[in-house]
Amino acid sequence: LIENKVYGLLGISAKAGKIISGTDVVLDGISKEIVKLVIIAEDTSEKSKKNIKYFCEKQNIEMLVFGNIFNNSKAIGKQNRAVIGVKDLKLAEAIKKQILGGE
């Protein structure tokens, strides 16, 4: 399953300290240009999605909607995280590739 590969990559990224999570922390990371990819859960509020999308577009950072808050949070060993920022470019590319169609 693609989800499992993505969650595996997110788990590795989290253990390596290559991830930040939580809306405010990720927005701060976007403004400081340390985030290479933003993953937002499907069940995030529309207001939050719009807000984050706006900042991503402003800084030219890709935002992907993937998974739900529970599973995404579990994958990175946190609770209740709707927004995940990937700081490492190689990991961001690998995760993006999986979300957008595998292999």
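This is a predicted model: local features need pLDDT of at least 70, side-chain atom pairs count only at pLDDT 80 or more; totals for chains, interfaces and linings use all residues.
User: How are helix α1 and helix α5 oriented towards each other, roughly parallel or roughly antiparallel?
Analyst: Helix α1 covers residues 2–15 and helix α5 covers residues 89–99, and their axes lie 9 Å apart. The two helices pack at an angle of about 165°, and angles over 145 degrees count as roughly antiparallel. The orientation of α1 and α5 is therefore roughly antiparallel.

User: Which residues of α5 meet α1, and how does the contact divide by class?
Analyst: On the α1 side, the residues taking part are Ile2, Lys5, Val6, Leu9, Leu10 and Ser13, and they meet Leu91, Ala94, Ile95, Gln98 and Ile99 in α5. Sorted by class, the contact of α1 with α5 comes to eight nonpolar, two polar and one charged residues.

User: Is Ser13 buried or exposed?
Analyst: Ser13 belongs to helix α1, and, leaving out residues up to four places away in sequence, Ser13 touches Lys18, Ile19, Leu91 and Ile95. Its relative accessibility is 0%, and a residue under 20% counts as buried. Ser13 is therefore classed as buried.

User: How are helix α2 and helix α3 oriented, roughly parallel or roughly antiparallel?
Analyst: The axes of α2 (residues 23–31) and α3 (residues 46–59) come within 10 Å of each other, and they cross at roughly 15°. Since angles under 35 degrees count as roughly parallel, the angle settles the matter. The orientation of α2 and α3 is therefore roughly parallel.

User: What is the handedness of the crossing of α2 and α3, and which residues of α3 meet α2?
Analyst: The crossing of α2 and α3 is left-handed, and the contact includes five nonpolar, four polar and no charged residues. From α2 come Thr23, Leu27, Ile30 and Ser31, and the residues they meet in α3 are Asn51, Ile52, Phe55, Cys56 and Gln59.

User: What kind of aromatic pair do Tyr54 and Phe55 form?
Analyst: A pair of aromatic rings is described by the distance of the centres and the angle of the planes. For Tyr54 and Phe55, which form an aromatic pair, the distance is 5.2 Å centre to centre and the angle between the planes is 80°. Planes over 60 degrees apart count as edge-to-face, so the pair of Tyr54 and Phe55 is edge-to-face.

User: What is the separation of the C-alpha atoms of Ile39 and Ile99?
Analyst: Ile39 sits in strand β2, residues 37–40, and counts as buried because its relative accessibility is 0%. Apart from neighbours within four places in sequence, Ile39 has contacts that include Leu10, Asn72, Ile95 and Ile99. Although Ile39 and Ile99 are 60 residues apart along the chain, the separation of their C-alpha atoms is 9.9 Å.

User: Is Asn72 buried or exposed?
Analyst: Asn72 is part of helix α4, which spans residues 69–75. Not counting residues up to four places away in sequence, Asn72 touches several residues, among them Tyr7, Ile39, Arg81 and Ile84. With a relative accessible area of 0%, Asn72 is therefore buried.

How values were computed:
Residues are numbered from 1 along each chain as its sequence is written. Side-chain values use heavy atoms; hydrogens and water are left out. Axes are lines fitted to C-alpha atoms, for helices over the stretch in contact, and angles run from 0 to 180 degrees between N-to-C directions. Helices (H or I, at least four residues) and strands (E, at least two) are DSSP runs, numbered from the N terminus. Angles under 35 degrees count as roughly parallel, over 145 as roughly antiparallel, 65 to 115 as roughly perpendicular and the rest as oblique. Contact means heavy atoms within 4.5 Å. Ala, Val, Leu, Ile, Met, Phe, Trp, Tyr, Cys and Pro count as nonpolar, Asp, Glu, Lys and Arg as charged, and the others, Gly among them, as polar. Rings of Phe, Tyr and Trp (its six-membered ring) pair if their centres lie within 6.5 Å; planes under 30 degrees apart count as stacked, over 60 as edge-to-face and the rest as tilted. Buried means under 20% relative accessible area, exposed over 50%, partly exposed in between (1.4 Å probe, protein chains only). A crossing is left-handed if the near helix is turned anticlockwise from the far one by less than a right angle, and right-handed if clockwise.
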